[in-house]
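Work through the exercises below with the structure in view. Try each task before you read its solution.

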Amino acid sequence: MANNNPPRNAKSAAAKPSSNRGAFYGILVAIVIVGIAAILYLKSSPPSADSGAEAQAAYAAMQRDYAKAGPPRPYVMGDSTAPVVIEEFADFECPVCGSYATVTEPDVRRMIIDTHLAYYKYYDFPLPMHHNTQSASNAAACAADQGKFWQMHDQLFAGQDAWGLNPDGATQVTDNPKSVFMGYAKAIGLNTSDFEQCYDSKKEQARVNANAAEGFRRNVNQTPTFFINGKMFAGSIPYDVMKKAVDDAAAAKKSAPAAAPATTPAGTPAVNPAAKPAASK
């Protein structure tokens with residue numbers, strides 16, 4: 001005889017699909033809510049130039065522009081006859097560069113540059129992810145026009161929090177730092193009218209580009225980067241490390257053999273065509 005009674009667990013078996021559908025719809029609603037929240041967040045956040053294809057494109061564009069620049073014109077300090085040359089590639093908006101400039105560099109100036117151990121050169125290397133760094137380099141170049149690059153250099157690095165990055169490291173304090181830089185120009189005694197005209201016209205942009213081009217030529221890819229008698233030191237370095245590098249470079253130069261006189265391809269001493277032949281007796 002056929003058993004027409006429903007199975008004992010028929011009720012619970014029929015209830016499972018309904019329960020699963022409830023869970024499914026619950027998950028679906030949660031996904032929708034999270035998705036909407038993500039879209040709203042992205043719309044409220046400014047695009048960041050330091051990530052993804054945008055930053056890479058900006059970097060490539062800079063390299064193309066800088067390839068057309070002329071010879072570099074770094075800003076210099078100290079005794080040009082010193083046995084060691086320290087070259088710095090830096091970005092005015094780079095926090096690490098600011099830390100070096102305000103903490104380490106005063107000792108470098110006092111105990112290495114002022115004592116004639118080394119000659120110092122500063123090259124602009126503005127990074128594309130820093131919105132105001134080109135303007136800062138422009139301000140420094142215009143201050144150099146009036147013989148006060150280093151005074152503006154010090155103001156810019158000491159005052160990064162007034163015109164550069166916010167503490168989050170991603171957003172800017174201001175989109176237009178000109179008023180801050182005008183204040184620096186006045187504080188260091190520049191002719192502010194001439195400074196403003198230079199700043200607005202960007203007449204020194206070619207110098208900034210040429211200095212950056214030199215960095216690309218030397219494979220600089222971070223700031224600060226130093227060269228001490230040609231040897232690269234990437235990243236900020238403490239005073240003791242720099243002093244040892246300077247001492248080592250000076251010792252190496254002192255112990256290097258004197259340069260041999262120039263020779264012709266055949267190995268004979270070169271002849272100065274301007275020299276008069278010795279009179280024959």
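**Exercise 1. Compare the end-to-end span of helix α3 with that of a straight helix.**

Solution. Helix α3 covers residues 95-113, which makes 19 residues. A straight helix would reach 27 Å at 1.5 Å a residue (the expected span is 1.5 Å times one less than the number of residues). The end C-alpha atoms of α3 are only 23 Å apart. Helices here are DSSP runs of H or I with at least four residues, strands are runs of E with at least two, and both are numbered from the N terminus.

This is a predicted model: local features need pLDDT of at least 70, side-chain atom pairs count only at pLDDT 80 or more, and totals for chains, interfaces and linings use all residues. Residues are numbered from 1 along each chain as its sequence is written, and side-chain values use heavy atoms, leaving out hydrogens and water.

**Exercise 2. Locate the kink in α3.**

Solution. Go to threonine 104, where α3 kinks by about 50° (the angle between axes fitted to the seven residues ending there and the seven starting there).

**Exercise 3. Find the partners of strand β2.**

Solution. Start with β3, residues 118-124: seven bridges join this strand to β2 in parallel (strands pair if DSSP finds at least two bridges between them). Alanine 90 faces aspartate 124 in β3. Next take β4, joined to β2 by four antiparallel bridges. Here glutamate 87 stands opposite phenylalanine 227. Finally, check cover: six of the seven residues of β2 are buried.

Methods. Buried < 20%, exposed > 50% of the residue type's maximum accessible area, 1.4 Å probe, protein only.
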